[in-house]
Amino acid sequence: MSDGAVTVLDGNHLRAIDLSLPEAEVSLTGAQVLDLADSKASSSLFGLSLPQSLKSSALKRICLQDDDVFRLKELDREQALKVITDYITAIADELKDDPLVISVLDGNTIRLFLEDEDDFAMLAENLFTDLDVEDTGKINKNEIRNALVHMGVEMGVPPISEFPPLSDILKRHEADGEEELGQAQFAELLQPVLQELSEALAKKHFVFIQNIKIVNGSKLRKLLADEKQLNIIVEKILADGSGNTEKIRSFLEKTGTELGLPPSEANEAVALLYDAVFADLEEACEDKFGNLVKQILEKFAEQLEASPVFHDI
């Protein structure tokens, strides 16, 4: 994966991982089993530290309570293997329903800046200008931290608080002082800091979750399979008066996110999706209204499965 490239985690990475247990272990505690499963899942997902919400949802799927009783419980190899298998399958299923979008920083973007003298000079100049808010031609040495924040993940720099090696690099270059620097001195300090950072990222990649939501119709298909819930939706639409396609569209645009639809105001792709689904629909009498709602939701599910919608969170 190239530096900063977007990758979708939809559970497929976890379907074929090795779920074997360490040979030396006769039994494991519940805590050891969950830690082992988290480690295996993380390794298969580019080293991503699994979000707590994802782990909790996966445990809920398999009705497993992550409490002191379970964590201290001794499990034989067969029991442990079943928990690991069920738990990782549940994580994969959660990601299928609600995929994560990640990027991996491996230092390549920073190296490209450093390899081109003109690009680096322009970068250093722009950063210095942004930080020299009083236009004095001088900034404090410790502003190098803010320079890295300004660059951000878009330019290949991880958050300082989430990538400890970066703090160590800044300390080695005494970048926390109050000494004033001109633009040339600032560039002279920035260059080795970025060089070390690119090398550190090449050794230990930084994986982060993008603030992007993917709607792929999975949640909607679950609703369609639940006749009771589907009938509740139909009744809610009819509660506002006589049902027609315009009323259905208005209802879905307002509350569709709860059903598994993308926000109607998210982007142009969503507007086009609604137009495509509601094109050429015929009105239905009240006793056929439920079938019309189901038909519309099925069209949404088909469209989203074929072309998932990405939108900012």
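Helices are DSSP runs of H or I with at least four residues, strands are runs of E with at least two, and both are numbered from the N terminus. The views below show a predicted model.

**Figure 1. The largest pocket.** The volume of this pocket is about 540 Å³. Its lining is made up of 31 residues, and those closest to the centre are Asp-97, Asp-98, Pro-99, Lys-213 and Ile-214. At least two lining residues come from each of helix H2 (52-61), helix H4 (77-97), strand E4 (100-105), strand E8 (212-215) and helix H10 (218-224). Sorted by class, the lining of the largest pocket holds 15 nonpolar, 9 polar and 7 charged residues.

**Figure 2. The second largest pocket.** The space in this pocket comes to about 250 Å³. Its lining includes Phe-46, Gly-47, Leu-48 and Ser-49, together with Glu-162, Phe-163 and Pro-164. Lys-204, His-205, Phe-206, Val-207 and Phe-208 also line the second largest pocket. Strand E7 (residues 206-209) contributes the most to this lining, with 3 residues. The lining of the second largest pocket divides into 7 nonpolar, 3 polar and 2 charged residues.

**Figure 3. Aromatic pairs in the model.** The model has 6 aromatic pairs. In one of them, the ring centres of Phe-206 and Phe-208 are 6.0 Å apart and the planes meet at 20°, so this pair is stacked; the cut-off for stacking is under 30 degrees. Phe-206 is buried, with a relative accessibility of 7%, and Phe-208 is buried as well, at 12%. The rings of Tyr-274 and Phe-300 have centres 4.9 Å apart and planes at 70°, so they form an edge-to-face pair. Because Tyr-274 belongs to helix H13 (residues 268-278) and Phe-300 to helix H14 (residues 289-306), this pair ties together parts that are 26 residues apart in sequence. Both Tyr-274 and Phe-300 are buried. Ring pairs also join Phe-163, Phe-206 and Phe-208 in a cluster, and these three residues are among those that line the second largest pocket.

**Figure 4. Buried residues of helix H5.** Which residues of helix H5 (residues 108-115) are buried? They are Thr-109, Ile-110 and Leu-114. These residues cover an arc of only 135° around the axis, so they lie on the same side of H5. The buried residues of H5 pack against helix H6 (117-131) and helix H9 (183-203).

**Figure 5. Met-122 in helix H6.** Is Met-122 buried or exposed? Met-122 is exposed, and its relative accessible area is 53%. Along the sequence, Met-122 and Ala-187 are separated by 65 residues, while their C-alpha atoms are 10.0 Å apart in space.

**Figure 6. Two residues with positive phi, Phe-46 and Glu-174.** Most residues other than glycine have a negative phi. Phe-46 has a positive phi, near 65°, and is not a glycine. The loop between helix H1 (30-44) and H2 holds Phe-46. With a relative accessible area of 35%, Phe-46 is partly exposed. Where is Glu-174 found? Glu-174 is in the loop between helix H8 (164-172) and strand E6 (180-181). Its relative accessibility of 57% makes Glu-174 exposed, as the cut-off for exposed is over 50%.

Note on methods:
Residues numbered from 1 in each chain as written. Predicted model: local features only at pLDDT ≥ 70, side-chain atom pairs only at ≥ 80, totals over all residues. Heavy atoms only, no water. 1 Å grid on protein atoms, 1.4 Å probe; cavity = no way out; pocket = protein on both sides within 12 Å on 5 of 7 lines; lining within 4 Å. Points joined across faces, edges and corners; volume = space filled by probe spheres on them. Nonpolar A, V, L, I, M, F, W, Y, C, P; charged D, E, K, R; others polar. Phe/Tyr/Trp six-rings, centres within 6.5 Å; stacked < 30°, edge-to-face > 60°. Buried < 20%, exposed > 50% of the residue type's maximum accessible area, 1.4 Å probe, protein only. Arc of directions from axis to C-beta. Contact = heavy atoms within 4.5 Å.
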